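This report walks a new reader through selected features of the structure shown below, moving from single residues to the wider arrangement of the chains.

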Amino acid sequence: MIVKREKLNFWERLYLPALAGGLKVTATHLVNTLFKRGAVTMEYPEQKWTVPEGYRGAPYLVKDQDGATKCVSCQLCEFVCPPKAIKITPPGLAGQTADRANAEKMPLEFEINMLRCIFCGFCQEVCPEEAIFLMKDYSLTGTNRAEMIYNKEKLLELGGVHHDQIKKWEHKLDEAKEQEMFPVKD
Amino acid sequence: MSTAATTETKPAPPPVDTIKIKVDGREIEVPKMMPDWQGNLQPTTMLQACQLAAKEVPHYCYHPKLPIAGNCRMCLVEFGLPAMGPDRKLLLNEDGTPKITKQVLPYEPQTPRGAIACATPISPGMEIYPSSPATKQMREGILESLLINHPLDCPICDQAGECKLQEYSVEHGQATSRFVEAKVHKPKAVDLGPRILLDDERCILCTRCIRFTKDIVGDDKLGVVNRGSYNSIAAFPGTTFDNNYTLNTVDICPVGALTSKDFRFQMRVWFLKESKSLCTSCGTGCNLTVGSREDKIYRFEPRENNAVNGPWMCDAGRLNYKWVGRADRLTEVLVQDVGQASRLSHSSEKSKTGATPVLRKTTWTAALSEITEKLKKVPAGSVAIVGSARQTNEELFLLGKLAKKLGALTDSVPREGEADKLLVSADRNPNSTGARLTGLCFTEMGIHLPKIADGIKAGKIKTLIVFGEDVTKHGFGPDLLGRLDTLIVSDILPNATTRLAHYLLPGCAHAEKRGTFVNVKGRLQKFIKAVEPKGDARPEWEFLHELVHHVTGHNGFVSIEGLFNQMAHEVPAFHGLEWAKIGDTGVTVQI
């Protein structure tokens with residue numbers, strides 16, 4: 001495609017009116033800052049920006065209201081993660097069983113490399129257990145690379161508690177207990 | 001021994017009776033009789049006919065290698081038969097085509113009557129509609145009923161990703177559930193046997209596992225207990241489900257009900273890279289698929305090859321993969337400094353008596369050129385080679401070339417076990433036939449081993465080359481090995497022989513290299529690499545090629561394809577073969 005270049009007219013070729021126009025914008029901002037709105041910048045990092053609702057910050061793991069790890073190590077987030085920032089170690093047969101009765105499975109280790117994470121939110125979207133959420137932290141720092149790989153313990157601590165409305169596993173257990181024929185071991 | 005290698009013994013097929021039927025309106029001709037699960041000819045079923053017409057019919061309980069049960073109802077299809085008049089003659093439409101009556105329920109002529117495709121034989125003029133709206137509705141209905149009591153715990157289910165219930169629900173099922181009542185709960189993680197866990201909630205009662213263990217293995221241990229929606233699979237009271245083939249039930253279970261204890265919660269299946277390989281645990285050479293991720297092997301699964309193992313494999317062979325990732329694998333090229341050995345060991349560790357030789361790490365280039373120097377100088381007849389029938393044909397072929405140049409006595413170690421009537425062979429070496437065909441050992445394997453030992457005792461044999469065997473267990477004691485001038489050992493895991501080696505060359509497990517084996521029945525099969533070798537370890541054929549090149553001065557091939565083709569040229573039994581011509585299921589050679 002060829003873009004046709006318009007011929008400049010006399011006033012445009014003169015250059016000075018454009019300069020004056022620019023200066024007008026600068027002057028308007030100067031007047032606004034000094035006499036009307038005040039500063040448009042903030043004293044970062046002492047002063048922190050309040051992120052809007054729905055902002056996608058760093059992904060953290062959450063616990064439910066009973067303090068149980070919600071993640072069941074299904075590894076869908078690891079699969080969907082575009083920059084391959086997530087690494088999950090499944091428990092294996094002999095591994096630790098889940099915090100919650102009936103859920104059977106919980107990750108042995110869950111690592112997110114925050115240097116790789118692009119805050120896309122796919123992990124939150126794909127999670128069938130509502131166990132991972134993008135929170136409001138946007139500025140993560142560390143003194144070395146190893147420090148930026150957050151492990152399960154750290155992610156759970158940062159993530160805090162997410163109120164579980166459905167409580168799928170507990171609900172299933174209650175249902176099973178009601179059916180006397182097949183008591184479920186817990 | 002004949003020199004001809006054939007790709008497959010195919011006698012001219014006898015003329016087959018065919019039947020003309022229509023599948024989704026397309027007329028095809030299918031054989032009247034087709035092989036059933038045992039290979040006996042039986043009337044062709046609708047499901048087989050649909051497969052021939054390239055129309056997939058979903059199914060759970062049907063398995064081509066198991067007797068037909070017809071209990072899951074997933075393969076229901078709508079069909080029609082040519083209408084007949086009272087005189088038993090075909091009724092014709094106005095345009096002269098036979099009139100077809102679609103089958104309907106007896107007292108509900110608006111409702112199509114489906115038939116299970118897996119157990120209904122076809123008849124001339126039959127029309128099958130595997131894609132009709134009525135068939136689709138039947139599938140929807142069946143899936144809805146199968147999902148009534150299914151726990152839908154896919155996030156914690158090992159089958160997720162290779163689950164037929166998931167696949168068919170997406171393909172043929174409804175998006176939402178109408179079921180609002182409480183689901184029936186059944187026991188979870190039931191210990192069926194030493195290698196199997198059962199989740200009764202997930203089971204759809206297709207009875208594949210029951211039929212497999214009863215009809216294929218002949219170990220009738222499983223059955224269905226309780227009634228109605230409380231139906232569940234169980235081992236008979238007081239018994240455990242424990243035979244050498246139990247893990248096949250995990251493969252054929254279309255859902256996540258039967259899970260392998262070994263693979264349980266280890267890795268999600270969609271991460272596993274699948275590489276076509278072979279089992280090395282016995283001479284049968286079952287075809288298998290290696291499931292690996294990031295150079296770690298997670299599981300072996302049988303790969304269908306009707307010329308060898310069908311779709312099955314034994315538990316022992318399937319679980320024989322953990323040694324590949326063992327931490328004490330040999331990963332360094334080591335050389336023992338002759339003369340300095342005692343001094344070094346003395347000064348470095350006082351606790352040791354100096355009896356253990358000290359090995360120095362070196363490079364492949366340095367070690368191979370040192371070995372070449374030594375081998376070039378030795379007089380003919382002073383070398384012996386103990387190969388292994390666990391090595392590939394290519395490696396044994398190269399060892400044979402080396403032996404020919406050096407005038408060496410060669411043999412390998414026999415390994416015998418107990419055979420069973422299904423798959424396990426008495427010969428526990430994966431490549432005994434290959435070792436014989438390449439000329440490294442004789443019909444009676446191990447017959448030369450005492451001769452080699454005597455040669456060392458008499459001082460006639462001064463150099464011993466050992467590949468992949470612990471010869472201290474086969475009549476070569478440490479004192480005998482101590483008499484040697486040079487002991488060259490290549491192995492994968494440390495053992496008594498590798499500790500005495502003057503040159504230790506780390507080799508690869510079969511999952512880490514490519515090559516071919518010949519099984520006890522003469523089936524030549526190839527396998528490909530699944531994971532990277534550890535550390536400095538290299539495939540044996542690679543460094544053997546270099547060694548043979550240095551010692552004999554003959555040029556060779558640096559690729560496995562070239563090497564195989566060269567071997568096929570020189571070894572009579574493999575004449576006419578090419579690497580590219582051996583398919584995934586192998587070829588039969590004359591033995």
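Predicted model: local features only at pLDDT ≥ 70, side-chain atom pairs only at ≥ 80, totals over all residues.

With 19 other C-beta atoms within 10 Å, B:Leu205 is partly exposed, since a buried residue would need 20 or more.

## A cis peptide bond in chain A

In chain A, the peptide bond that joins A:Tyr44 and A:Pro45 is cis, with an omega of about 5°. A:Pro45 belongs to the loop between helix 2 (16–36) and strand 1 (59–61) of chain A.

## Domains of chain A

Chain A is divided into two parts, with domain 1 covering residues 11–40 and domain 2 covering residues 59–165. When the centres of domain 1 and domain 2 of chain A are taken over C-alpha atoms, 50 Å separate them.

## Contact between the chains

Where chain A and chain B meet, the contact takes 21 residues from chain A and 18 residues from chain B. On the side of chain A that touches chain B, helix 6 (residues 168–178) of chain A gives the most, with three residues. Sorted by class, that side of chain A has twelve nonpolar, four polar and five charged residues.

## Nonpolar cores

The largest nonpolar core has 137 residues, and those with the most contacts inside it are B:Met46, B:Cys75, B:Val77, B:Ala117, B:Ile128 and B:Ala384. Helix 9 (residues 393–406) of chain B gives the most to this core, with six residues. Leaving aside residues up to four places away in sequence, B:Met46 touches B:Val77, B:Phe79, B:Ala115, B:Ala117, B:Thr120, B:Ile122 and B:Ile128.

There is also a second, separate core of 30 residues, which includes A:Leu61, A:Cys74 and A:Cys127 from chain A together with B:Cys157 from chain B.

Terms used
Residues numbered from 1 in each chain as written. Chains lettered and ligands numbered in written order. Domains from an automatic or database assignment. Contact = placed C-beta atoms within 7 Å. Helix = DSSP H or I, 4+ residues; strand = E, 2+ residues; numbered from the N terminus. Nonpolar A, V, L, I, M, F, W, Y, C, P; charged D, E, K, R; others polar. Core = buried A, V, L, I, M, F, W, Y, C linked by C-beta atoms within 7 Å. Buried ≥ 20, exposed ≤ 12 C-beta atoms within 10 Å, placed from the backbone.
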